[in-house]
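Student: I am new to this structure and would like a close look at the charged side chains that pair with one another. Please set them in the context of the chain as a whole.

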Amino acid sequence: MSAHTANRLNHFIQKHQTLWNRLEYLYDQTKKKEVTRQTLDELGHTYRQVTAHLAYAQTYFPTHPVTQYLNNLTTKAHQAIYGYNPKSDIRKWVRFFTHRFPELFYDRSLFFLTAAFLFIAGALFAYGYTMVTPENATAFVPPEVVDQIDPDQVGVNQWDHTVVSSQIMINNIQVAFLCFAFGALFGIGTVWVLFSNGLLIGALAALFQQAGGAYIFWAFIWPHGVIELTAIFISGAAGLSLAYSFFVPGELPRLESFKREGRVTVQIILGVIPLFIVAGLIEGFLTPAPWPHWTKYLIALSTLVFLTYYLGRPFLNKGILKNVPGYSPAPQSIKDVSHV
């Protein structure tokens with residue numbers, strides 16, 4: 001640093017240090033429970049002065065510690081002035097998952113039932129078709145999988161729980177996004193994803209039923225399956241409601257109805273991600289555990305009770321199912337989640 005620059009820096013610090021100290025003091029005052037309007041006004045005025053100092057320092061002393069100090073100071077003051085609070089963000093996220101998401105589920109519960117129906121219809125069809133002739137299972141399940149089915153080996157193989165859990169979560173989240181994304185293609189893909197996943201489960205259930213291993217099979221499906229299938233059905237509901245908003249826009253222009261519902265269904269997909277994470281953890285760690293089979297059914301029952309309470313609260317507060325979800329009054333922005 002040249003002598004001229006050093007002199008300029010010393011003069012700059014000496015001239016403005018008192019104002020910087022004042023901004024530090026005003027910022028500390030905002031942390032108290034009661035802050036006067038006069039303090040906030042002075043904070044704003046002082047903040048604007050110090051931001052000018054920061055711009056000067058970035059121009060003439062970009063690498064000097066005083067520039068970093070002023071940057072940190074103005075950042076803190078900005079947060080205090082404009083109300084940004086990381087703890088507040090956390091509360092908004094918590095409120096979204098505890099209140100907003102169950103309410104979105106309630107508003108589109110008929111689409112959830114439709115998604116569940118499509119999956120169950122596929123499962124029943126494949127189950128019946130395979131029960132008639134076991135060889136028919138190859139229409140839904142890869143032949144190499146059919147040949148390897150052995151009820152006595154279900155859950156016996158050891159695996160890396162961390163790897164398996166992460167793979168399961170990624171696969172299920174991909175299925176969820178497909179169900180949602182295909183809703184933008186008039187819902188046809190959503191219907192097929194739900195129905196085809198049902199075909200796979202139905203065929204496998206029939207094969208294990210014929211091999212005398214139904215009890216074992218479901219013991220290794222239901223612990224994670226309750227949460228997993230619920231999340232998939234909710235994702236399917238998001239895709240179906242998105243398609244419905246296009247075909248039945250109500251009083252809104254078709255494109256506007258579609259855009260509004262898209263903004264809401266994105267929140268639904270956001271809400272199912274934790275469900276998939278929990279399902280993946282259960283499938284990766286609890287499902288293969290060497291416990292009695294009845295404990296697996298107990299885990300499944302526990303998850304069912306939890307989901308019933310978690311998603312069922314709006315039904316108790318608001319009443320029975322709505323006939324058709326309304327799209328005209330749909331929220332136009334994510335109210336309860338900021339910085340998404």
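Tutor: Helices and strands are taken here as DSSP runs numbered from the N terminus, a helix being H or I over at least four residues and a strand being E over at least two. The model is a predicted one, in which local features need pLDDT of at least 70 and side-chain atom pairs count only at pLDDT 80 or more, while totals for chains, interfaces and linings use all residues. Residues are numbered from 1 along each chain as its sequence is written, and side-chain values use heavy atoms, with hydrogens and water left out.

The chain has 12 helices and zero strands. UniProt, in an unreviewed entry, lists the feature "transmembrane region" at residues 110-129, 173-195, 202-223, 229-252, 264-282 and 294-312; such positions are given in the numbering used here, with feature names shortened, and the annotations may be inferred rather than shown by experiment. In the span 173-195, the end C-alpha atoms lie 17 Å apart, with 74% helix and 0% strand, and for residues 202-223 the end C-alpha atoms are also 17 Å apart, with 77% helix and 0% strand.

Side chains of opposite charge can pair when their charged atoms come close. The term salt bridge is used when a side-chain nitrogen of Lys or Arg is within 4 Å of a carboxyl oxygen of Asp or Glu, and the whole structure holds four of them. One of these joins glutamate 24 to lysine 76, whose closest N and O atoms are 3.5 Å apart. Since glutamate 24 belongs to helix α1 (residues 3-30) and lysine 76 to helix α3 (residues 65-82), this pair ties together parts of the chain that are 52 residues apart in sequence. Lysine 76 has a relative accessibility of 28% and therefore counts as partly exposed, a class that lies between buried (under 20% relative accessible area) and exposed (over 50%), with a 1.4 Å probe and protein chains only.

Another salt bridge brings arginine 108 to glutamate 261, with 2.7 Å between the closest N and O atoms. Here too distant parts of the chain are linked, since arginine 108 sits in the loop between α4 (86-107) and α5 (109-132) and glutamate 261 sits in helix α11 (residues 254-286), 153 residues away. Both arginine 108 and glutamate 261 are buried.

The charged end of arginine 8 lies over the ring of tyrosine 60, 4.3 Å from its centre, and that of arginine 313 lies over the ring of tyrosine 309 at 5.6 Å. Tyr60 belongs in turn to an aromatic cluster, together with Phe12, Trp20, Tyr56, Phe61 and Tyr69.

As for rings that pair with each other, those of Phe, Tyr and Trp (its six-membered ring) do so if their centres lie within 6.5 Å, and planes under 30 degrees apart are stacked, over 60 edge-to-face and the rest tilted. There are 29 such aromatic pairs. Among them, phenylalanine 105 and phenylalanine 112 are edge-to-face, 5.0 Å from centre to centre and with 75° between the planes. Phenylalanine 105 is buried at 10% relative accessibility, and phenylalanine 112 is buried at 14%.

To place these details in the whole, buried residues make up 43% of the 340 residues in the chain. With contact meaning heavy atoms within 4.5 Å, residues 24 or more positions apart account for 80% of the contacts with a separation of 6 or more. An example of such reach is phenylalanine 97, found in helix α4, which is 213 residues from tyrosine 310 in sequence and 9.7 Å from it in space, C-alpha to C-alpha. Beyond its neighbours within four places in sequence, phenylalanine 97 is in contact with Pro102, Leu270, Gly271, Pro274 and Tyr310.

How values were computed:
A charge sits over a ring if NZ of Lys or CZ of Arg is within 6 Å of the ring centre and within 35 degrees of the ring normal.
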